[in-house]
Amino acid sequence: MSSWTIIFRASGLALVLGSTALAQGPIEVQSLDALDPLEVGLPDAALGISLWDGSDADMASRVLALLPEASREGYASPALADLARSVLSSGGYPPAGGRGNPGLPVLRADRLLAAGGVFEAYDLLERTPNLNQNEALSRLHAELAFATGNTRSACHSADALLRGREQAYWLRARAVCLALDGQDSAAELTAELARNSSEDAGYDTMLYALTLDGSPPQALPLIDSGLKLSMAFQLDSETDLDTLEVSAAPGWLQRFVHGRAMPAPVPASEPAQALAAALALSGPGRTAGLETVLVQGVDRSIAAGALSGLLDDAVAGDRFTVAARRYGREVHTIPVTRDTLGDGYRFALAALLSGDLRTASQWRDALMDGPPQPQPITAFDETGKPIDPLDDAMMVEVPPAWVPPSPRRMVNLDLAIALARDRLSGDQTAALLGAHFEAYGPSALPDMLAFNRLGAGEVAGLRPALLLSAPATVGPEVLAMEAAARSGAGAEAAMLAIAVLAGSPLNAETLSRSIVVLDQLGLRRAALDLLLERLVARAV
């Protein structure tokens, strides 16, 4: 199966929210094309249709601009990226003075892309009215459509654009669409018009191949746009994503290409040999090989070895939380044995970060109690009488006594499970927090204060540690965030909290006050997920 075909649409269809407007006097019914782009949202988004109440267009633009940009590195925290996607996918009435503002929907879509929301942004823009009147928004839509394989939709945007269609990008987009439609002469003429505006040798190479015979060039040029990514796969649908050079592409496109879907399960007649071969490799080849062994269904005990190798690499690269969310859903398929429990602590944490609380709890219990014990063999003699199980021939070898992981590890795991269950109150959680704080010291102080402000019980040693800590400074974003929350400006407060949490390093004040604001906005689960992710990062 090609890398292109395993990139699949992970998002649901967008819903159009707020198709009517409330006004004093008679109800005014708006037509679909009267919707503002900010009124388009996705199902299960974080905020309701009144998200921009209390904000004006200028403040909305300011807080959106504070979030990570799509062209740059994006979010280091998967949990924070999840929160940003959910907030930015929320649709509702625009801020005061924001209806018809052409820049706000562009900023929103860009910041959604930065949070990894490629499919979410595409779905939003697919349903945005009057897209052809906003060149910047149309270009984002076309790029996303080309990148995700929705070429027909991209070509529609290129054809429908009203202003700016003479720009080189749009000329090249329409040339590709013409070539795919079999109109080679028209494609070459349109590309020539683009060449008169600016040179792009890589594009010309691929277009020449498309219009000549459809055969890919010996070496694909740099891929720096969704348009060129689409051209690469039009030339060869079996193109391996790992072979594409995307260093010149915007950050969102690089992350999209490198964050490919897990491979489909494939038959593996010799998974043990495949595991050994993968472990001997390095780089993308090692990752791909280990993932193939991880998803095979021949021997799940060997899949455990592949998962261990992937988590080893993740820890070495300081990206365990990212890997845990990618591979954690495989943990429930791995048998609990004495051998697999050797990495059971990390398996349980990975399952927890992937949202599989039940499997994490099962592995936690196995870590304490040990693997299932072998059962005595029941056999019968020639008369049908059971043979004495004490007969040496029928005895099952008794394994050595099980030794659970260190108390420190079990405290971390139990505390992580308590967080996932939102069980912060009570003496048991307070004891776990105290033990964790004692083990990790100042590095855990910001989190301990956040737990305290979320309603956790008294943590031993917290107040003395706070008294002895260096003075904590807070930036203007924290003050503006709290003021927005008090004013009921939900979107504004949430985006300021995300901007603060995306910064580094976070002291006790910035972390805890941002977490509290998220809780006040009804985003407690997201706040706990952020703290859970931080805890797991320390624990491995």
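Hi everyone, thanks for coming. Before we start, please keep in mind that we are looking at a predicted model.

Let's begin with the charged pairs. How many salt bridges does a search of the whole structure find? The count is 27, and I'll walk you through a few of them.

Take Asp 224 and Lys 228, whose side chains form a salt bridge with an N to O distance of 3.3 Å. Are the two partners buried or exposed? Lys 228 has a relative accessible area of 4%, so this residue is buried, because buried means under 20%. Asp 224 comes out at 31% relative accessibility and counts as partly exposed.

My next example is a pair of neighbours in the numbering. Arg 364 and Asp 365 make a salt bridge, with 3.3 Å between the closest N and O atoms. Asp 365 is partly exposed, at 39% relative accessibility.

Now for a bridge that spans the chain. Arg 524 pairs with Asp 422, and here the closest N and O atoms are 3.0 Å apart. Where do these two residues sit? Arg 524 belongs to helix H25, residues 524-539, while Asp 422 is in the loop between helix H18 (407-420) and helix H19 (427-440). They are 102 residues apart, so the pair links distant parts of the chain. Both ends count as partly exposed: Arg 524 has 22% relative accessibility, and Asp 422 has 31%.

Some charged residues also team up in a group. If you'd like to find one on screen, look for Asp 82, Arg 85, Glu 120 and Arg 325, which a network of salt bridges links together.

As for the helices, H25 gives the largest share of the lining, with five residues. Helix H14 (300-316), helix H15 (320-327), helix H23 (490-502) and H25 each contribute at least two.

And what is the lining made of, by class? There are 16 nonpolar residues, together with seven polar and five charged ones.

To wrap up, H25 is the element to remember: Arg 524 in this helix takes part in the bridge to Asp 422, and H25 supplies five residues of the pocket lining.

Note on methods:
Residues are numbered from 1 along each chain as its sequence is written. This is a predicted model: local features need pLDDT of at least 70, side-chain atom pairs count only at pLDDT 80 or more; totals for chains, interfaces and linings use all residues. Side-chain values use heavy atoms; hydrogens and water are left out. A salt bridge is a side-chain nitrogen of Lys or Arg within 4 Å of a carboxyl oxygen of Asp or Glu. Buried means under 20% relative accessible area, exposed over 50%, partly exposed in between (1.4 Å probe, protein chains only). Helices (H or I, at least four residues) and strands (E, at least two) are DSSP runs, numbered from the N terminus. Ala, Val, Leu, Ile, Met, Phe, Trp, Tyr, Cys and Pro count as nonpolar, Asp, Glu, Lys and Arg as charged, and the others, Gly among them, as polar.
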